[in-house]
Amino acid sequence: MEKRVTFKGWLLPLLLIAPQLVISGVFFFYPAGEAVWQSLFIPDPFGLSMQYVGLGNFEYLLSDPYYRASFLTTAVFSTLVTLVSMIPALFLAVLADRLVKGAGAYRTMLIWPYAVAPAVAGVLWLFMFNTRIGIVAWYLGLLGYDWNYVLNQNEAMGLVVVASSWGRISYNFLFYFAALQAVPKSVIEAAAIDGARFWRRFFTIVLPLLSPTTFFLLVVNIVYAFFETFGVIHTITSGGPQQATTILVYKVYADGFVGQDLGSSAAQSVILLLVVGLLTVLQFKFIEKRVHY
Amino acid sequence: MKNFALGALVASSALLSPFAAFAQTDIQFWHAFTGRLGELVDAQVAQFNASQSDYKVVANYKGNYSETLNAGIAAFRAGEQPDILMVFEVGTATMMAAKGAIKPVYQVMADAGVPFNADDYIGAVKGYYTDTDGKMLSLPFNSSTPVLWVNRDLLDKAGVAKDADLSTWESIGPVLDKLKAAGVDCPMTTAWQSWIQLENLSAYHNVPFASKENGFGGLDTELEFNGPVQVKHIQTLGDWAKKGEFIYKGRRNEGGADFRAGSCALFTESSAGYAGIKAEAKFNFEVHPLPYWSDVAGAPQNTIIGGASLWVMAGKPAEDYKGVAEFLSFLSSPEVQAKWHQDTGYLPITKAAADLTREQGFYKANPGTDVAVIQMTTKEPTGNSKGIRLGNFDQIRSIIDEELEAVWSGDKTAQDALDTAVTRGNQLLRRFEQANR
């Protein structure tokens with residue numbers, strides 16, 4: 001049975017959703033529309049003149065092999081960030097859920113890193129892994145490993161992935177922990193009586209029951225990896241070495257704010273918007289079907 | 001509490017109002033200097049403000065060079081631009097193309113009736129910021145040029161003779177071998193690889209970096225830094241990188257910290273690195289001219305500058321421009337310039353400031369500080385060594401950074417990397433041409 005409230009007339013419901021509509025309009029539809037409009041032009045930085053180029057900006061971007069390569073970089077980066085931030089979070093949440101004593105302290109400590117801004121997290125990791133002053137780099141040197149993320153593309157990618165995922169583990173932990181508390185004890189006890197061991201219970205009962213949370217976190221983390229990791233990349237690698245860590249959103253920044261190429265930057269925002277929209281639709285269409293609510 | 005704050009506000013504004021009524025004109029000046037350099041700029045401004053009562057220059061730090069340029073552009077779009085905006089040399093073409101957004105310095109000076117002669121400036125400094133008719137569009141502020149910094153203690157340790165030749169790249173090779181053999185981790189590193197190892201390399205050997213006099217002759221310029229001289233140089237550095245003799249530290253001046261800490265023996269970096277190295281280095285250091293390839297005819301020519309200049313923004317009241325002219329004239333006076341040069345290691349941008357510094361005995365007391373000046377001024381600049389004026393230059397430099405990294409890591413040959421950089425860079429030049437048609 002669904003519960004629905006029905007209104008008589010249009011005025012009240014409109015009034016009630018108006019704040020949300022206004023917010024969406026001002027902060028999403030207006031700027032997004034502006035970006036679409038700007039992507040059709042090559043303006044000069046000062047806004048003194050504009051050249052209409054139609055889809056020229058898109059053509060220019062999509063014919064550039066380096067831009068196309070940054071799609072792959074973004075895919076690799078966001079997949080890794082999502083995995084690295086979700087799997088340990090789930091693992092830690094499962095462990096925390098089994099704690100009897102000290103669960104509060106453990107939980108608090110795990111949530112802390114979430115309070116650290118991405119750019120600051122970037123600097124923290126940079127200090128640890130810096131080739132000159134980094135303590136981890138120094139220890140690696142003692143072990144005979146020549147750590148050099150300034151030139152080694154895989155190391156650079158690894159570093160930005162870890163730095164971006166670190167704070168997110170806390171966020172994901174929080175959701176998993178809450179979801180675990182909601183798993184009915186009776187089901188688990190019944191399975192235990194039937195002789196199912198912990199990991200078997202986990203994979204056949206707990207994990208499926210967590211699937212709505214996992215699905216939600218998947219969407220949120222991919223969006224995070226796409227848009228909010230910019231600060232980490234900016235502070236650690238600036239997109240290098242070569243183009244190893246130039247993800248799409250970093251290129252939007254570099255071309256728009258550093259390069260003053262607003263037409264290309266706007267076109268890239270539009271492409272990014274489409275990509276994320278498409279990803280979200282795909283997720284809802286295909287993955288959600290397998291989610292047990 | 002609220003009332004108290006309100007009261008304080010009223011009281012303070014009452015105190016301030018008599019001064020405001022004095023009709024002093026505020027001149028907004030946005031710059032990109034923080035730390036020690038920021039203090040020195042503030043001191044210059046304070047000195048100017050104290051020297052007269054008609055104008056008050058208000059200096060504001062707006063972030064690094066890119067951020068300051070962005071702040072200026074955003075402010076212009078909103079109609080709230082400052083009177084004076086500091087723009088780094090890479091942004092020169094952007095500012096120059098924005099005809100309606102700037103007021104050329106020569107015009108500001110002429111309108112205000114303040115005497116101004118572009119020929120007072122050192123040729124290579126002047127050339128960077130003048131139009132094709134030799135008229136100065138922005139006022140050079142801080143200019144530096146790359147030199148070779150040497151850690152003498154490490155060279156001694158490696159058994160390199162005190163008088164060993166460090167003037168050519170041919171002679172640097174054996175020195176690096178010795179340093180490596182002696183167990184020096186970082187025989188050589190560089191800051192600002194595009195600026196030093198390509199832009200300055202080209203000028204120093206009198207070969208073009210881009211066509212049309214490096215872009216001075218028009219927006220339809222094309223990159224040409226994949227010539228034999230540049231390829232040979234980059235390939236040599238790449239070979240040294242493979243041998244562990246040239247150590248890449250990053251795109252900006254990350255290597256500076258390594259040099260100052262005493263772990264790198266040779267370091268190509270701006271002459272403006274002087275203040276930091278002098279303050280921090282706990283070893284004997286020397287300044288040498290940038291090395292050159294002796295088999296290239298005409299080398300060494302002259303090196304080019306990096307740094308920033310001051311642009312006057314359009315659309316301000318006439319009264320402001322008079323103050324701006326006074327302030328710019330104050331900044332370029334020999335005394336102010338000589339002090340700036342001696343405090344920072346930036347070049348003295350006028351001949352008078354260089355002469356004054358020499359008379360004051362600064363070069364004698366601080367050997368090596370005149371290396372950059374000599375390197376810039378012994379020869380008259382040519383079309384290849386006047387400077388570089390390219391649109392989207394910041395992004396072109398990023399492309400060069402990316403491609404050079406491929407050489408240092410051994411993924412590409414120098415020829416391959418430079419060819420690719422030229423092709424990719426040319427696309428950006430075409431876009432800039434289109435945007436400013």
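Keep in mind that the model is predicted. Chain B comes with a domain assignment that gives two domains, while chain A carries UniProt annotations from an unreviewed entry, among them "transmembrane region".

**Parallel strands in chain B**

- Start with β1(B), residues 25-31, which runs parallel to β2(B), residues 55-61, and is joined to it by seven bridges.
- To pick out one pair, look at B:Gln28, whose bridge partner in β2(B) is B:Val58.
- How does the chain get from β1(B) to β2(B)? It crosses through helix α2(B), residues 35-51, and this β-α-β crossover is right-handed.
- Strand β1(B) also runs parallel to β3(B), residues 84-88, with two bridges joining them.
- On that side, B:Phe29 stands opposite B:Ile84 of β3(B).

**A four-stranded sheet in chain B**

- Further along chain B you'll find an open sheet of four strands, in the order β7-β8-β6-β9, and its pairing is mixed.
- Which strands stand at the edges? They are β7(B), residues 186-190, and β9(B), residues 285-288; each has a single partner strand, so one side of each is left without a neighbour in the sheet.
- If you ignore direction, neighbouring strands here are turned by 20 degrees against each other on average.
- Inside this sheet, β6(B), residues 146-151, and β8(B), residues 264-270, run antiparallel and are joined by five bridges.
- One of the residues to look for is B:Pro146, which has B:Ser270 of β8(B) as its bridge partner.

**Two domains in chain B**

- Domain 1 of chain B takes in 21-144 + 306-365, and domain 2 takes in 146-303 + 391-435, according to the domain assignment.
- Their C-alpha centres lie 29 Å apart.
- Where the two domains touch, 14 residues of domain 1 of chain B are in contact with 14 residues of domain 2 of chain B.
- On the domain 1 side, α4(B) gives the most, with three residues.
- Sorted by class, that domain 1 side has six nonpolar, seven polar and one charged residues.

**Where chain B touches chain A**

- Count up the contact between the chains and you get 32 residues from chain B and 24 residues from chain A.
- On the chain B side, the elements that give two or more residues are α3 (65-77), α4 (92-97), α12 (255-260), α19 (393-408) and α20 (414-435).
- Which of these gives the most? That's α19(B), with eight residues.
- The chain B side divides into ten nonpolar, eleven polar and eleven charged residues.
- Helix α4(B) turns up in both contacts: it gives residues to the side touching chain A, and it gives the most to the side of domain 1 of chain B that touches domain 2 of chain B.

**Annotated stretches of chain A**

- The UniProt annotation "transmembrane region" (unreviewed entry) covers residues 12-30, 71-95, 116-140, 160-181, 202-227 and 266-287 of chain A.
- Take residues 160-181 of chain A: the span is 100% helix and 0% strand, and its end C-alpha atoms lie 32 Å apart.
- Residues 116-140 of chain A are 72% helix and 0% strand, with end C-alpha atoms 26 Å apart.
- Over residues 71-283 the chain is 77% helix and 0% strand, and the end C-alpha atoms are 18 Å apart.

Conventions
Residues numbered from 1 in each chain as written. Chains lettered and ligands numbered in written order. Predicted model: local features only at pLDDT ≥ 70, side-chain atom pairs only at ≥ 80, totals over all residues. Pairing = 2+ DSSP bridges. Right-handed = clockwise from strand over helix to strand, strands pointing away. Contact = placed C-beta atoms within 7 Å. Nonpolar A, V, L, I, M, F, W, Y, C, P; charged D, E, K, R; others polar. Axes fitted to C-alpha atoms, helices over the stretch in contact; angles between N-to-C directions. Domains from an automatic or database assignment. UniProt positions renumbered as here; feature names shortened; annotations may be inferred.
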